[in-house]
Structure formats: C-alpha cells, structure tokens
Amino acid sequence: MSQIPSKIGKYKVVELVAKGGMGAVYKAEHPTLDRHVIIKKLTLENNPQFVERFNREARIMMDFKNDNIVDVYDHFEEGNNYYIVLEYVDGVSLDKFILKERYLTNDLAIYIIKEICKALSYAHSKNVVHRDIKPANILLSSSGDVKLVDFGIAVSDEEAENDLTKEGM
C-alpha cells in the first residue's frame, strides 16, 4: 500500500478520501485561506487519453460558477502527476446517505432533484453534458446544499470532435 503524501503542491494533505483505478482523492488544507479543499490526483499518468480527459475536466469546470456544481480552484502538474483542486463539501454523497437512511422523504427527493436540475441546466447552457449522473456524484452538504461533482466523462460542443468520450473509449 502506498504512503499518503504529507503535501501535494502547496497543499497539506489531511487524509485519503478515496482511491480507484484512475486516481486518488485527498482532503487537504489550503496554506493561506484556512480552509479544506479536495485534491483529485490522476494516477494513470502514462496514458495520454486519460491525461487529456483529466485536463479537459479541469478546463470545463474552471469556468463554471454555479451554486450546485463544486468549484474548481486549481489545476497543476507536479512531477509525472496531474491534479485538480476542488471545493471541499462538508457532508456526504447521496449514495452513502441512501445506504444509511434507506429512504428519502418525498420533499427531500424533490429538493435534491430540483437542485441537480439547476446544475444540469447551467452545464447545458455552457454546452456541456455531464454523462455520469448517479448518487455517488451528488453531494449533500451539512448545511443543506446539493452539489454535482465529477465531470470526468463530460462532453462539450468545443471538444465533441475529440474521440475521448466516444463509445468504446
């Protein structure tokens, strides 16, 4: 098992949040703003298609400014690794919430759907299609906000001719 880094770029790593085949997600501290951030790391740095997909996600999300989509603060390369620094949402993903609570009230379900529709409407107004809507990509904050995350397989009109998101890729 690999060691969790103490620092990534200028950010102090607090904990490993998740790890998968394509990357890792860390909770970290911003060095001057006294707040937590999420750092998404691409671990398949030798695959140019995955690197381009990762970079495209950062490009798409850097311009997004919507209350229902997590903010992207930074994107950088360090050594052979690529990183995206995102807004930290203090809460839980919808899939984990459902596992714990089992059922949603009608009012809560309608509220979550309405908020995600706002996020999708905003993304569509920017000619971006998310393409991976699922409970794991919906965050519920402890203050009641609903945020859409993970635009890793999103497609935009500007990049529609790119083969990265075509069937079979």
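**A buried asparagine and its surroundings**

N68 counts as buried because its relative accessibility is 6%; buried means under 20% relative accessible area, exposed over 50%, and partly exposed in between, with a 1.4 Å probe and protein chains only. This is a predicted model, in which local features need pLDDT of at least 70 and side-chain atom pairs count only at pLDDT 80 or more, while totals for chains, interfaces and linings use all residues. Residues are numbered from 1 along each chain as its sequence is written, and side-chain values use heavy atoms, with hydrogens and water left out.

**The chain as a whole**

- The protein chain contains three helices and eleven strands; helices (H or I, at least four residues) and strands (E, at least two) are DSSP runs, numbered from the N terminus.
- Starting at the N terminus, the order of elements is β-β-β-β-α-β-β-β-α-α-β-β-β-β.
- Of the 169 residues in the protein chain, 40% count as buried.

**The setting of N68**

- N68 is located in the loop between α1 (48–62) and β5 (72–78).
- The side chains of N68 and E115 are joined by a polar contact of 3.0 Å. A polar contact is a pair of N or O atoms within 3.5 Å; within protein, one must be able to donate a hydrogen and the other to accept it, and residues adjacent in sequence count only if both atoms are side-chain atoms.
- A polar atom of the N68 side chain also lies 3.0 Å from the backbone oxygen of V146.
- Leaving aside residues up to four places away in sequence, N68 touches E115, K118, A119, V146, K147 and L148; contact means heavy atoms within 4.5 Å.

**The nonpolar cores**

- The largest nonpolar core has 29 residues, of which M61, F64, V70, L86, I112, I116 and I138 touch the most other members. A nonpolar core is a set of buried Ala, Val, Leu, Ile, Met, Phe, Trp, Tyr and Cys residues joined through side-chain atoms within 4.5 Å.
- Elements that give two or more residues to this core are β4 (36–42), α1, β6 (81–87), α3 (106–125), β9 (138–141) and β10 (146–148).
- The element that gives the most to this core is α3, with six residues.
- A second, separate core of eleven residues includes V13, A24, Y83 and V85.

**The three-stranded sheet**

- Three strands form an open sheet in the order β7-β9-β10, with antiparallel pairing; two strands pair if DSSP finds at least two bridges between them.
- The edge strands, β7 (91–93) and β10, each pair on one side only.
- Three bridges join β7 to β9, and β9 and β10 also pair over three bridges.
- Across these pairings, G91 stands opposite S141 in β9, while I138 stands opposite L148 in β10.
- α3 packs on the sheet, touching β9 and β10, and its direction makes about 40° with that of β10. Axes are lines fitted to C-alpha atoms, for helices over the stretch in contact, and angles run from 0 to 180 degrees between N-to-C directions.
- In a regular strand the side chains alternate between the two faces of the sheet. In β9, I138 and L140 point one way and L139 and S141 the other way, and all are buried.
- The hairpin of β9 and β10 has four residues between the strands, and G144 there takes a positive phi near 100°.
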